[in-house]
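Here is a short tour of one protein chain, taken a piece at a time. Keep the picture open while you read and look up each residue as we reach it.

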Amino acid sequence: MLNNYHPSKLAMSALGLIPSQTGLTPAQEDTFCTRCGQPVAKGDPVKEFPYHNDRSFMDAHDLGYRADYRVSCQWCVLACTKKVMSKCSGTLFTREGAYPLKTDDNRAWFFLTPPKPPYLVTISNTRNTQHLVWRTPVTLDNEMISVKFGPDLFTIRHSLLMRQIDLCREAADIITDYQREKTEGGRKVKAIPHPFVCLDRNCSDPAHGMLWPNIYEITSKNEKLRSIVQELQRATLGELWALATLVKTNRPNPVKPEKIQL
């Protein structure tokens, strides 16, 4: 069962790639891949992985298996090549192919209409290449979507995300109306897109996910908004990240991207 959802194999197959046997040797015993943790049978092509001697390796905390005999499976070896990692900075890997998720329009397409599992989602949070594929759990259920966002692992519950979109818009309307009622002298109040100070698709703004500062002044008088706020406060980090794309002032137009061709 485990081998059917091999993250690196799924991702490399989506890219149409087959591991090269160059530099690989037969596994000396039945073991597991040090990177992804998937089973490796004696004789399978592997590459020895003595990470303890490599001070530049920064992802040891995410390794899937630790033992005296450490090997990387052929699929993880391929996934860690520069050619491949450069294509994994914002990617959805499915059984039908790999799709870029770098623009808001493409991300909106994924968030609103996720594909049939299994699939893998990797998003880089830096311009440098990152080891993402082997560190990412395969999504098996759209109610528990896994997204590897740089060093962080996000979870998105799809049905709740769809509700949160509506809640954000309802809350924004209530807050905007309240501000307009309070405003004197004819000064125009610009409509807001959501009840947060900031929703940052890069998750780097310190105010990301913080509620509008005066919102509790309104919730004390508006039971509907109070109920909405209570629900939104239960949003996961992944859902807040997705909302940063979906409820912005200029809403994206969901567009399915072309498959990645290597």
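## Before we start

What you see is a predicted model.

Look for an open sheet of 3 strands, which come in the order S1-S4-S5 and pair in antiparallel fashion. At the edges sit strand S1 (25–26) and strand S5 (71–73), each of which pairs on one side only.

Now check who faces whom. S1 and S4 run antiparallel and are joined by 2 bridges, and here Pro 26 stands opposite Pro 45 in S4. Glu 48 stands opposite Val 71 in S5, while Val 46 stands opposite Cys 73 in S5.

## Rings that pair up

To describe a pair of aromatic rings, you give the distance of the centres and the angle of the planes. In this model the count comes to 8 aromatic pairs. Take Phe 32 and Tyr 65: their ring centres are 5.1 Å apart and their planes are at 55°, so this pair is tilted. The two come from distant parts of the chain, 33 residues apart: Phe 32 is in strand S2 (residues 31–32), and Tyr 65 is in the loop between S4 and S5. Phe 32 is partly exposed, at 34% relative accessibility, and Tyr 65 is partly exposed too, at 27%.

Phe 110 and Phe 111 make another tilted pair, because their planes are at 50°, with the ring centres 5.7 Å apart. Are these two buried or exposed? Phe 110 has a relative accessible area of 2%, so it counts as buried, and Phe 111 is buried as well, at 3%. Ring pairs also tie Phe 110 and Phe 111 into a cluster with Tyr 119, Phe 149, Phe 154 and Trp 241.

## Charged partners

Side chains of opposite charge can pair when their charged atoms come close. The count here comes to 6 salt bridges. In one of them, Arg 157 meets Glu 239, with the closest N and O atoms 2.7 Å apart. Arg 157 is in the loop between strand S10 (152–156) and H5, and Glu 239 is in helix H8 (residues 237–246), so the pair ties together parts that are 82 residues apart in sequence. Arg 157 is partly exposed at 23% relative accessibility, whereas Glu 239 is buried at 0%.

Glu 170 and Lys 224 meet at 3.4 Å, N to O. Since Glu 170 belongs to helix H5 and Lys 224 to helix H7 (residues 223–232), this pair ties together parts 54 residues apart in sequence. Lys 182 forms a salt bridge with Glu 217, their closest N and O atoms being 3.2 Å apart; this one links helix H5 to helix H6 across 35 residues. Finally, salt bridges with shared partners join Asp 104, Arg 201 and Lys 248 into one network.

Find the peptide bond from Pro 117 to Pro 118: it is cis, with omega near 5°. Pro 118 is in the loop between helix H4 (104–112) and strand S8 (120–123).

Then go to Cys 203, which has a positive phi of about 55° although it is not a glycine. Where does Cys 203 lie? Its place is the loop between helix H5 (158–182) and helix H6 (215–219). Cys 203 counts as partly exposed, at 27% relative accessibility.

Terms used: Residues numbered from 1 in each chain as written. Predicted model: local features only at pLDDT ≥ 70, side-chain atom pairs only at ≥ 80, totals over all residues. Heavy atoms only, no water. Helix = DSSP H or I, 4+ residues; strand = E, 2+ residues; numbered from the N terminus. Buried < 20%, exposed > 50% of the residue type's maximum accessible area, 1.4 Å probe, protein only. Pairing = 2+ DSSP bridges. Phe/Tyr/Trp six-rings, centres within 6.5 Å; stacked < 30°, edge-to-face > 60°. Salt bridge = Lys/Arg side-chain N within 4 Å of Asp/Glu carboxyl O.
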